[in-house]
Amino acid sequence: MTGTKALLNFIRDIYQSTGPIPLHAPQFNDAEKTSLLACLDSTFVSSVGPFVDQFEQEMAVFCQSSRAVATVNGTAALQAALHLAGVGQGDIVITQALTFVATCNAVHFLGATPAFVDVSPISLGLCPDALQQFLTEQCGKNSAGNTVLRSTGQKIGAVVPKHTFGHPVQLDEIVAICSEWQLPLIEDAAESLGSFYRGQHTGTFGRFGALSFNGNKIITTGGGGMVLCQQIEDGVHCKHVTTTAKVAHPYQFFHDEVAFNFRLPNLNAALGCAQLTKLPSYLANKRALAGLYQSFLQDSDYQFVAEPAYAKSNYWLNAVICADEQQQQQLLKHSNDHGIMTRPVWELMHHLPMYKDCPRGSLSHSEWLTKRLVNLPSSVAPGIQP
Ligand SMILES: *Cc1c(COP(=O)(O)O)cnc(C)c1O
């Protein structure tokens, strides 16, 4: 049996380090420095510039998205997407309880309320059966034909699944349920840049998808995000509404709607352009790392979380499921005491004070996972040859 000690030694071998090992650290070399210096030399460091356009175009090509609009962070990308999908005051947005808090905060700041459904054991993301059950048991159609929460009459504004740790959710099933109930689908693809569902990039299955380039994501712009838009008109409107809705003119300032200032600075986009050239090699490296973890853990008490059969995951964060809570706590304590950063999954959203009274379905699998799941160090490891 592979014990905790052997696992920690294995991690030290991979990262060839006796010092602290972070959960996920970015990597830079001359490519980033050259790009950033070029940006500084141009003096276009702020809200417009050629790196922003280049980053958006290259990201649209990589994801095969009709349009990609850069934003100041992933939370802003989600908020813009939800706003453009028509989510507003008093609406309900169905998402998963097992997510990072940004998903819910984006909903809240539009005056809407998140509702929580369970995650699937296959993907650790939104479970299609749990979604259908919530809609059937707690929702219905009102006289105007909108899908509403029966207990309050609030309109269901959108469904927001999240691709947990980069593993794609069961999109065919979720797309079908959203179309049956006529609900906009917005994918929180913040963790899944480079993850594909049956060959198609995550974040392009619904009307909108949101990416994040925070420092701990697979590539980083320092802080940054992207809205993936599948309809050209949505892309045009998204750019407009994230850039103060200024009507283009050489010198006049006229704005034709209330809008956000969610622009990604050119300086951050310069970093993003350099990082994007490395994405294919990062993906290969992380896939190899996941393979090493998986074979090392084969005969252990720890169950490695592998990509679903239908998907190619970016393996953003590797994870294991422990036999029980005691083993989970022991692994967390032992590794962190020894300078190897591991962590449990985020506290479930309905356990947080501001979201404790939100509508929800059964969350039994989410609760089960929080008592067992541990994320392992997952940075690109230079010593690994894919
Ligand atoms: C990282 C992340 C975001 C966005 O985070 P930002 O820090 O705002 O870029 C949103 N949702 C999930 C699930 C995330 O992991």
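Author: Let's begin with K217: an N or O atom in its side chain is 3.2 Å from an oxygen atom of the ligand. This pair is a polar contact, meaning two N or O atoms within 3.5 Å; within protein, one must be able to donate a hydrogen and the other to accept it, and residues adjacent in sequence count only if both atoms are side-chain atoms. Please keep in mind that the model is predicted, with local features needing pLDDT of at least 70 and side-chain atom pairs pLDDT 80 or more, while totals for chains, interfaces and linings use all residues. Residues are numbered from 1 along each chain as its sequence is written, and side-chain values use heavy atoms, leaving out hydrogens and water.

Helices α4 (74–84) and α5 (102–108) each give two or more residues to the shell; a helix here is a DSSP run of H or I with at least four residues, numbered from the N terminus.

Who else is there? Around the ligand are 15 residues, of which G74, T75, E191, S212 and K217 come nearest; being near takes a heavy atom within 4 Å. By class, the shell holds 8 polar, 4 charged and 3 nonpolar residues, where Asp, Glu, Lys and Arg count as charged, Ala, Val, Leu, Ile, Met, Phe, Trp, Tyr, Cys and Pro as nonpolar, and the others, Gly among them, as polar.
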